[in-house]
Amino acid sequence: MSSVPAIQLCYPSWVSPVSFTGVRLRSHNFCSVPGPSSCRRKMSSLRSSMASSLVTEPVEVENGVEKLRDLCSGRVPEHVLCRMEEVGFVSPTDIQREALPVLFSGKDCILHAQTGSGKTLTYLLLILSVVNTQRSAIQALIVVPTRELGMQVSKVARVLAAKPSTAELEQKPCTVMALLDGGLLSRQKSWIKAEPPTIVVATLDSLCQMIEKHILKLDMMKVLVVDEVDFMFNSSKHVSFLRKLLTSYSSKNSRQTIFASASVPQHKRFLYDCIQQKWTKSDAVHVHVSSVQPLPSTLQHKYVICKKSERHETLLRLLQLDSPDSCIVFVGEQVC
Ligand SMILES: Nc1ncnc2c1ncn2[C@@H]1O[C@H](COP(=O)(O)OP(=O)(O)OP(=O)(O)O)[C@@H](O)[C@H]1O
């Protein structure tokens with residue numbers, strides 16, 4: 001039995017030719033930051049390597065821009081650019097260089113680049129370029145698969161969006177609400193009722209609760225980001241809520257839609273379906289940056305057979321035994 005990419009489970013099996021913007025293949029020197037989600041990140045890069053056969057045909061794009069500030073100039077408020085540079089984001093990563101002009105042009109986009117390549121900053125810069133903090137409404141929604149990722153994204157968003165010390169007193173700050181699993185959500189409910197935040201970072205379950213109880217309204221939403229989109233399409237429950245989010249709770253015409261992922265199995269079909277299902281506008285583009293760095297010679301592949309119920313535990317045990325970058329592990333009930 002061969003493995004089936006997660007997204008394939010939810011899509012028809014045909015593929016139709018679609019036009020998309022490819023980008024040049026380049027190497028870069030960003031690594032994933034170790035943290036509580038390192039296991040998820042490891043699986044993400046594992047999927048990425050499994051999807052290597054899906055690399056987009058590169059299209060040369062001539063671009064002389066060197067600084068992130070230059071890419072964002074005239075779009076992102078000056079205080080955000082200053083904060084961005086203060087925290088050390090000066091030169092763009094490859095995905096930022098390729099995707100930001102596309103995003104600033106207003107196009108819907110599939111951001112496809114490896115873990116740690118800077119996708120989060122890419123979509124946050126777009127969001128900070130379009131929100132109007134004088135308006136009390138949710139203007140951007142970032143949907144994440146896990147609490148940990150949600151916490152990381154909210155933290156970066158808050159750092160970048162912080163009100164400058166020189167701001168006028170009456171100038172409203174850009175507020176970022178984390179709506180993540182594991183909390184009681186009562187504080188967030190009161191917050192939304194009092195004054196809706198500008199940006200919401202949410203896991204699907206918490207978001208679902210808030211939308212279905214009519215606490216959270218998305219009628220003023222300008223940007224919708226679905227991060228780690230391949231994980232999101234893993235469960236039928238999530239798929240059904242995502243479909244509603246993309247087509248019933250908001251409309252593709254009134255928002256800019258971004259799907260981000262380190263791995264997009266069958267990306268041409270995914271892009272085609274995004275357009276067909278009206279999740280994105282018809283001129284949505286797939287921006288793919290792929291590292292050309294060869295796999296390290298020390299990298300090992302291991303196959304471990306264990307009971308389905310013990311997969312998680314076995315994987316964690318193996319990851320502890322091996323140094324994080326030296327091993328790709330396939331764990332399953334059978335190896336065919
Ligand atoms: N232009 C930049 N200059 C310096 N550091 C950057 C830049 N862009 C992102 N980073 C840093 O690189 C690291 C990885 O970035 P980020 O989390 O945005 O990657 P990602 O592609 O979203 O990863 P994932 O797929 O795991 O969500 C972070 O520590 C971030 O602060």
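A residue is called buried here if 20 or more other C-beta atoms lie within 10 Å of its own. The model I am reading is a predicted one.

**Entry: helix 4**

I looked up helix 4, residues 94-104, and found 9 of its 11 residues buried, so the helix is largely enclosed by the rest of the structure. The buried ones are D94, I95, Q96, R97, E98, A99, L100, V102 and L103. I then asked what covers the buried residues of helix 4. The cover includes helix 2 (68-72), strand 1 (109-113), helix 5 and strand 7. Just after helix 4, I noted G106 with a positive phi of about 95°.

**Entry: the whole chain**

I stepped back to the totals. The chain holds 12 helices and 9 strands. Of its 336 residues, 39% are buried. I also looked up contacts with a separation of 6 or more, and 80% of them join residues 24 or more positions apart.

**Entry: strand 2**

I checked its two faces separately. On one side A140, I142 and V144 are buried, and on the other L141 and V143 are buried, which leaves both faces covered.

Next I wrote down its pairing. Strand 2 pairs with strand 4 (residues 199-203) in the parallel sense, over 5 bridges. Within this pairing, A140 has I199 as its bridge partner.

**Entry: strand 3**

Which of its residues are buried on each side? V176 and A178 are buried on one side, M177 and L179 on the other, and both faces are covered. Strand 3 pairs with strand 4 in the parallel sense, over 4 bridges. In strand 4, V200 is the residue that stands opposite M177.

In helix 8 I listed L204, S206, L207, C208 and I211 as buried. These buried residues pack against strand 2, strand 3 (176-179), strand 4 and helix 10 (236-247).

Just after helix 8 comes H214, with a positive phi of about 60°. H214 is not a glycine. I placed H214 in the loop between helix 8 (204-212) and strand 5 (223-227). Is H214 buried or exposed? H214 has 7 other C-beta atoms within 10 Å, so I recorded it as exposed.

**Entry: K278**

I looked up another positive phi in a residue other than glycine, and found K278 with a value near 65°. K278 lies in the loop between helix 11 (267-276) and strand 7 (285-289). K278 has 13 C-beta neighbours inside 10 Å, so it counts as partly exposed.

**Entry: helix 3 against helix 6**

I looked up how helix 3 (residues 78-86) packs on helix 6 (residues 147-161). The angle is about 120° and the axes are 8 Å apart. The two helices are therefore oblique to each other. In this contact, V80, R83 and M84 of helix 3 meet V159, L160 and A161 of helix 6. By class, the contact residues are 5 nonpolar, no polar and 1 charged.

**Entry: around the ligand**

Last, I looked up the surroundings of the ligand. There are 20 residues around the ligand, and F89, T115, G118, K119 and T120 come nearest. Which element gives the largest share of this shell? I found that helix 5 (residues 119-130) does, with 3 residues. I sorted the shell by class as well, and got 8 nonpolar, 10 polar and 2 charged residues. Helix 5 was already in my notes, as part of what covers the buried residues of helix 4.

Note on methods: Residues are numbered from 1 along each chain as its sequence is written. This is a predicted model: local features need pLDDT of at least 70, side-chain atom pairs count only at pLDDT 80 or more; totals for chains, interfaces and linings use all residues. A residue is near a molecule or strand if its C-beta atom, placed from the backbone, lies within 6 Å of it. Ala, Val, Leu, Ile, Met, Phe, Trp, Tyr, Cys and Pro count as nonpolar, Asp, Glu, Lys and Arg as charged, and the others, Gly among them, as polar. A residue is buried if 20 or more other C-beta atoms lie within 10 Å of its own, exposed if 12 or fewer, and partly exposed in between; C-beta atoms are placed from the backbone. Two strands pair if DSSP finds at least two bridges between them. Two residues are in contact if their C-beta atoms, placed from the backbone, lie within 7 Å. Axes are lines fitted to C-alpha atoms, for helices over the stretch in contact, and angles run from 0 to 180 degrees between N-to-C directions. Angles under 35 degrees count as roughly parallel, over 145 as roughly antiparallel, 65 to 115 as roughly perpendicular and the rest as oblique.
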